[in-house]
Amino acid sequence: MKKNNVTTLTMTSRNQLLHTLISQNGGYHLLGKKEKSRLLDKYCAITGQSRNYVIRKIRTGSYVKTMRREKGEEAGEKKRVRKSFYDGNVVNCLIKLWEIFDHPSGQRFVSQIESELPRLIRFGEMMISSKMEKKLLQISSAQIDRKLSDHKEKERLKQKRGRKIHPLLYQKIPVKIASEQDRNEAGNIQIDLVEHCGENASGEYIYTLSTTDLATSWWEGEGILTKGMRKVVRALDRLKDQYPFPWLSFHTDNDSAFLNGHLYQYALQEELIFTRSRPYEKNDNYLVEQKNGRVVRRTVGYGRYDTKRERETLNQLYRLVGLYHNFFQPVMKLKEKKRIGAKVKRTFDQPKTPYLRVLEDQSVSREKKQELTTIYNALNPAALKRDLDRKRDELYQAYKGKKKQPLKIKSLKKTETVSVTFLNDSTKVVSLT
């Protein structure tokens with residue numbers, strides 16, 4: 001019977017009951033400790049609510065406020081809304097000024113309004129009243145950020161959901177999330193590009209084409225100068241031949257270096273399944289993203305590489321890194337993931353090198369396994385690590401020893417020559433002629 005009463009009582013009825021009990025006893029705060037306890041016991045027995053929750057309602061008076069609000073709604077009274085001083089007309093003027101000054105932050109925008117608004121009014125760009133001008137001149141930077149927050153979010157959504165370059169190609173290449181990708185059979189490859197632009201993204205520089213297998217964690221990489229479509233396809237074809245097993249499929253992100261007709265035709269020609277990630281979802285390409293940090297960045301760092309010598313040294317280094325990683329670096333694979341309350345429990349298998357995982361894979365031929373075993377028996381991990389460090393130092397010397405190079409900057413009037421010095425991923429202008 002008690003349970004049925006609890007389910008039939010609405011919040012309004014509970015508040016009214018609490019108000020009646022308190023009124024009959026002459027006020028809650030005037031009662032003694034025992035009387036308060038009896039009142040709470042009686043109310044909690046009827047409603048089934050917690051004592052602490054009821055005490056908090058009485059202390060704050062929220063039950064009375066709720067009753068007043070509900071009575072007002074029943075009587076047809078509208079909720080009073082405070083009129084905003086900076087209304088929609090002010091926001092529209094702010095948006096127009098914000099676009100004129102190329103989307104500044106609130107603190108910079110205030111000073112621009114103070115100095116340039118009278119000029120824009122004089123030129124006839126802002127047709128506003130003196131009252132509106134006064135509002136714009138006295139608005140604060142924090143208020144500007146609040147008023148423009150909705151418009152900024154709309155602009156970001158427009159940028160994210162812009163028109164696709166090849167809409168038909170996007171339809172032909174299916175999307176696969178991480179859980180849908182085959183992690184048991186060797187030959188399902190994830191692909192990504194790693195930039196080596198340093199702190200300056202202008203001009204041409206080297207990219208690392210990073211590839212890894214989902215089942216065995218076998219990794220291969222190659223450096224290419226610029227991410228041209230044909231260069232990516234040729235480098236991908238060379239990397240495919242370096243794997244000890246045939247490719248079945250490859251998975252990329254939505255970079256234009258991958259989503260193009262050249263790579264799509266290559267997949268059809270080689271009879272490979274071509275899939276892609278969801279936009280802005282790096283977790284769909286999770287394994288190669290791990291290799292980008294664990295193998296590529298840890299080996300070559302974050303410097304700017306943009307010369308032929310650096311590219312050749314980088315590719316020689318990657319041959320050594322591939323041997324060292326694939327034959328001597330154990331990898332743990334995720335077997336199971338369970339959510340227990342607010343925590344996620346992950347279970348991993350025994351650490352094994354990609355070489356051992358290839359030997360255990362039944363889809364790899366016996367001849368290829370024997371070939372890999374021969375290579376493994378001939379390798380000295382200590383000597384291989386010394387060669388790797390030596391080649392890494394050679395790459396650093398090539399990066400450090402860049403000489404002054406004349407650059408040509410095309411202007412509207414004439415071509416000017418600038419002598420620059422490369423220093424720590426940045427350029428320093430020395431002279432201008």
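Tyr 280 sits in the loop between strand S5 and helix H13 (286–300), where helices (H or I, at least four residues) and strands (E, at least two) are DSSP runs, numbered from the N terminus. The model is predicted, so to speak of local features needs pLDDT of at least 70 and side-chain atom pairs count only at pLDDT 80 or more, while totals for chains, interfaces and linings use all residues. Residues are numbered from 1 along each chain as its sequence is written, and side-chain values use heavy atoms, with hydrogens and water left out.

- Tyr 280 is not a glycine, yet its phi is positive, at about 65°.
- Tyr 280 is exposed, at 61% relative accessibility; exposed means over 50% relative accessible area, buried under 20%, and partly exposed in between (1.4 Å probe, protein chains only).
- Glu 271, in the loop between helix H12 (261–270) and strand S5 (273–276), also has a positive phi without being a glycine, here about 60°.
- Glu 271 is exposed too, with a relative accessible area of 72%.

**The largest pocket**

- Its volume is about 740 Å³, taken as the space filled by probe spheres set on grid points joined across faces, edges and corners.
- A pocket here is an open set of points on a 1 Å grid over the protein atoms alone, where a 1.4 Å probe fits, with protein on both sides within 12 Å along at least five of seven lines; lining residues have an atom within 4 Å of a point.
- Of the 25 lining residues, Arg 183, Tyr 286, Gln 290, Lys 333 and Leu 334 lie nearest the centre.
- H13, strand S6 (334–340) and strand S7 (343–348) each supply at least two lining residues, and H13 gives the most, with 5.
- The lining holds 9 nonpolar, 7 polar and 9 charged residues; Ala, Val, Leu, Ile, Met, Phe, Trp, Tyr, Cys and Pro count as nonpolar, Asp, Glu, Lys and Arg as charged, and the others, Gly among them, as polar.

**Helix H17**

- Leu 384, Leu 388, Lys 391, Leu 395, Ala 398 and Tyr 399 are the buried residues of H17.
- They lie on the same side of H17 because they cover an arc of only 100° around the axis, judged by the directions from the helix axis to the C-beta atoms.
- H13 and helix H14 (308–328) are among what covers these buried residues, with contact meaning heavy atoms within 4.5 Å.
- The face turned away from the buried side carries the exposed Arg 390 and Lys 400.
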